[in-house]
Every structure is written in structure tokens, then in C-alpha cells.
Amino acid sequence: MLTLLSPMATMADVNVEGVRIWPAPDHTRLVLDVADKVDHKVFALSGPSRLVIDLENTALKADFDKLDLSGSPVQRIRSAPRNGNDLRVVLDLKSDIKPRSFQLEPNQQYGHRLVVDLIDEGGLKSRKPSEPTVTENTNGKRDIIVVVDAGHGGEDPGAIGPRGTREKDVVLRMSKTLADLIDAKPGYTAKLTRTGDYYIDLRSRTLLARKHNADLFVSVHADAFRTPQPRGASVFALSQRGATSETARWLAKTENRSDLIGGAGGVSLDGRDDMLAGVLLDLSMTASINSSLGVGDSILGRLGSVAKLHKKGVEQAAFAVLKSPDIPSVLVEAGFISNPKEEQNLSSAWYREKLSQAVFRGIDDYFQKTPPPGTLLAWQKQSGRGDGSVSQYRIRRGDTLSGVARENQTTVSELMQYNGLNDDRVMVGQTIRIPAS
């Protein structure tokens with residue numbers, strides 16, 4: 001591909017100095033690093049599918065050829081000067097998309113940026129509620145669904161530690177570890193809001209939790225402060241002030257009326273008058289916050305045994321990502337990435353595993369006491385088949401029978417005998433019974 005530059009282009013007020021692309025399941029984000037704010041227009045064309053980006057008084061100093069376009073709807077990027085000092089960028093697309101553009105102010109990592117989102121409306125419309133997950137040999141009882149949300153992603157790096165460790169990377173790795181631990185326990189299923197390095201807006205994260213009919217939403221972050229001294233893990237739930245504003249927002253949005261709220265609440269606002277709808281939402285939100293505080297306290301109790309705590313109690317704040325009216329939601333701050341020691345710890349797979357185990361044990365402690373109706377854990381509790389005489393473990397990638405035996409304070413031979421195994425080989429997804437220690 002040739003980039004056409006005219007002598008006039010060098011007189012432009014703004015340069016495009018860099019470019020990045022972030023493919024996600026239902027959109028792709030193209031980011032242009034610009035020296036300053038830039039006047040621009042974006043429009044889509046069909047037959048063939050193209051997206052045109054016109055930038056006024058702008059010259060191209062970046063190289064589009066070096067972009068990896070795999071996983072995106074973009075086939076090729078072309079550019080040329082236009083009207084003397086202007087720049088036209090054309091994206092040849094595999095299919096029609098809906099464009100959206102906006103500009104971002106400088107942050108810790110990047111300067112001024114022009115962001116162009118290529119939205120796959122077909123992908124958005126396909127977000128239908130998922131069917132309940134049922135584990136094998138559980139008498140048809142459904143799993144508890146935990147949606148694990150890795151904060152930030154893509155163009156949003158989150159906080160950055162003194163050594164350059166990015167929050168978005170740390171929390172994605174920890175979220176995947178936590179999801180593996182959840183999936184390994186029969187009666188639980190984990191869903192991740194993001195599985196790669198791309199950004200999901202805060203509202204879409206809670207919508208994904210609703211799509212999966214979540215029983216719990218856990219958002220994983222790594223805190224930062226302007227000085228390096230603060231340290232310790234924290235757990236947050238939604239504040240009452242945040243709940244009040246969210247109730248008003250839901251009542252104001254007409255489309256929310258007919259939305260059957262997922263999760264544990266099962267509340268529908270369809271056909272309700274404002275007063276009744278407000279009461280129903282307020283009751284649902286209050287129950288959700290109370291459950292969030294309960295599970296948050298349980299997680300905090302386990303975290304305190306493996307890490308320093310920043311605060312001894314569950315904190316409350318108006319985080320947008322926690323504002324689901326019906327799904328208990330907590331935000332776990334794994335530590336202060338701005339603290340050099342904690343940055344080093346969070347960069348360690350061993351430490352993230354330790355934190356993830358504590359978070360899951362806290363989640364399991366809570367649901368063993370108060371399991372949602374219709375779940376395997378509820379059936380086990382009702383029938384007296386809970387954690388007493390026997391527990392189960394689902395083999396995950398990297399597990400060995402000796403490792404499982406060591407973790408559960410038993411022996412390989414006892415596990416083999418207890419499960420009728422002829423040798424010590426196990427397969428990913430296999431469920432084995434663990435005798436009480």
C-alpha cells in the first residue's frame with residue numbers, strides 16, 4: 001500500500017503520529033494518536049462496505065501497513081491528502097458497520113486521541129439470555145453463575161505502576177484464574193465479560209451479566225494513589241446514593257420497562273405505573289446491595305488471610321459497574337499497583353492465584369450458607385449433601401492428581417480408591433469426589 005503525501009501536507013496543524021486497533025466480539029476500536037484535538041467527519045459507505053474518516057488540517061506520520069487487522073472487520077486501510085492540508089483515511093470493510101467517533105484527552109500512557117468504533121450491530125442483537133448451565137450428575141440442578149469482569153482493557157490501560165505494569169493486564173490474568181477456579185467447583189459456572197485486550201463500556205458489562213443470568217457479578221481492579229505508600233486489598237459494594245440515582249435512571253428509560261431483569265431478582269417493570277415500579281426497583285436494589293455486602297464481607301474475610309487489607313470492612317461507592325438493580329455486585333481491588341511492592345506481587349502468577357483462591361473461597365462460603373433456589377448448592381443443603389461427608393472437584397488445565405491430593409490434604413492412592421481410578425491420569429473437565437479430611 002502506498003500512502004500519498006503532498007508537499008502541502010507538511011504544513012498541516014495536526015499530525016497523526018500513531019495508530020492502534022483493538023478487535024472485540026461486537027465492535028472494533030481504531031485509535032489515532034494525534035498531536036492535538038482535530039476536526040473530523042466519519043461516514044460509512046456501502047457497495048462495497050467502507051468507512052471514510054476525513055481530518056481537517058492533518059498530515060499522516062504513522063504507518064497503517066504495520067497494523068495487524070486480523071480479528072477485525074477491516075480488510076485494508078488507505079489514505080491520501082485531500083483539499084491541500086486535509087487527510088482522508090478509508091477503511092475497506094468485510095461488511096457494513098455502524099461508526100461512532102469521539103476524542104480522548106491525554107492520560108498516563110497516551111496523548112490526544114481520535115477514537116473510531118466500528119460497531120457490529122448484528123453482534124449486539126445476538127446478545128440473547130443464555131440458558132441455565134447444568135453440571136453433569138447433579139439431578140438437573142442448575143449451576144450458580146458468577147460473571148467475572150476484568151476492569152479496563154484496550155485503549156484504557158487503567159492504573160500504571162512505577163515499573164510500568166498496567167492494571168488492565170494484571171486484572172485480566174487474575175480474572176481468568178478466578179474463572180478457572182470457579183469452573184473447577186461443581187455447581188458453579190464462570191463467565192468472563194472480556195477474554196482479551198479490548199474495552200467494554202461500563203453499562204455493557206452489567207448487560208453481559210444480565211445476559212448470562214448472573215447470580216453474582218465480580219469486577220476485578222487494582223487500585224492506585226498519587227503517592228506510593230497506600231497498600232492493601234479492598235472490596236466495594238454499591239452505595240445507597242448510587243442506588244437512588246440508578247433507580248431514577250431505570251425509571252426514566254422507557255426501554256427498561258419491558259426488560260425482564262435477570263439474576264436473582266426476576267423483577268419486571270413492564271406495565272407498572274411509576275409509583276409501583278419505583279417501589280419494586282427500590283426493593284430489588286436494596287436486596288441486591290444487602291447481598292453484595294454479605295458476599296463482599298465473606299470475600300474480605302478470606303482475603304485478609306492471604307493479603308494486607310486496606311480497610312477492614314466492605315466499602316461502598318457509586319461505581320457505575322456495580323449498578324445492576326437485581327444482581328449482587330462487588331468490586332475487588334486486588335491491591336495498589338502504585339505501591340512498588342504490591343505492583344511486584346500483582347505481576348506474580350503465584351500471588352494472583354493466591355488472591356483468586358481467597359476470592360473464590362469467600363464466594364463459596366457465602367453461597368454455601370445462602371444458595372440461590374434451584375441450584376445444586378441449594379439442593380445439597382436441603383438434602384444434607386453439602387460440604388460435610390464429601391465434596392467434588394472439577395479438573396482444570398494444568399491439574400495433576402497429586403496436586404489435587406496435596407491441596408485437599410489427602411493422598412493420591414486414597415483419591416484413586418475413592419473414585420475407582422485405575423491410574424493417576426485425569427482429564428480436563430473430569431469431576432472427582434474428595435473425601436472429607
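**Nonpolar cores and an enclosed cavity**

The largest nonpolar core comprises 42 residues. V146, Y188, V218, L303 and I363 have the most contacts inside this core. The model is predicted.

L303 illustrates the packing. Leaving aside residues up to four places away in sequence, L303 touches A233, V235, L309, V332, L355, A358 and V359. A second core is separate and holds 26 residues. L32, V89, I97 and L118 are included in this second core.

One cavity of 30 Å³ or more was counted. The largest cavity contains about 40 Å³ of space. Its lining consists of L238, M285, S288, I289, S292, L322, S324, I327 and S329. Helix 5 (residues 274-303) provides the largest share of this lining, with four residues. Five lining residues are nonpolar and four are polar. None is charged.

Across the whole chain, ten helices and 17 strands are present. Of the 437 residues, 49% count as buried. Among contacts with a separation of 6 or more, 70% join residues 24 or more positions apart. The accessible surface of the chain is about 20900 Å². Carbon and sulfur atoms account for 50% of that surface.

Notes
Residues are numbered from 1 along each chain as its sequence is written. This is a predicted model: local features need pLDDT of at least 70, side-chain atom pairs count only at pLDDT 80 or more; totals for chains, interfaces and linings use all residues. Side-chain values use heavy atoms; hydrogens and water are left out. Helices (H or I, at least four residues) and strands (E, at least two) are DSSP runs, numbered from the N terminus. Buried means under 20% relative accessible area, exposed over 50%, partly exposed in between (1.4 Å probe, protein chains only). Contact means heavy atoms within 4.5 Å. Accessible areas come from the Shrake-Rupley method with a 1.4 Å probe; for residues, only the protein chains shown count as cover. On a 1 Å grid over the protein atoms alone, a cavity is a set of points where a 1.4 Å probe fits but cannot get out, and a pocket is an open set with protein on both sides within 12 Å along at least five of seven lines; lining residues have an atom within 4 Å of a point. Grid points are joined across faces, edges and corners, and a volume is the space filled by probe spheres set on the points. Ala, Val, Leu, Ile, Met, Phe, Trp, Tyr, Cys and Pro count as nonpolar, Asp, Glu, Lys and Arg as charged, and the others, Gly among them, as polar. A nonpolar core is a set of buried Ala, Val, Leu, Ile, Met, Phe, Trp, Tyr and Cys residues joined through side-chain atoms within 4.5 Å.
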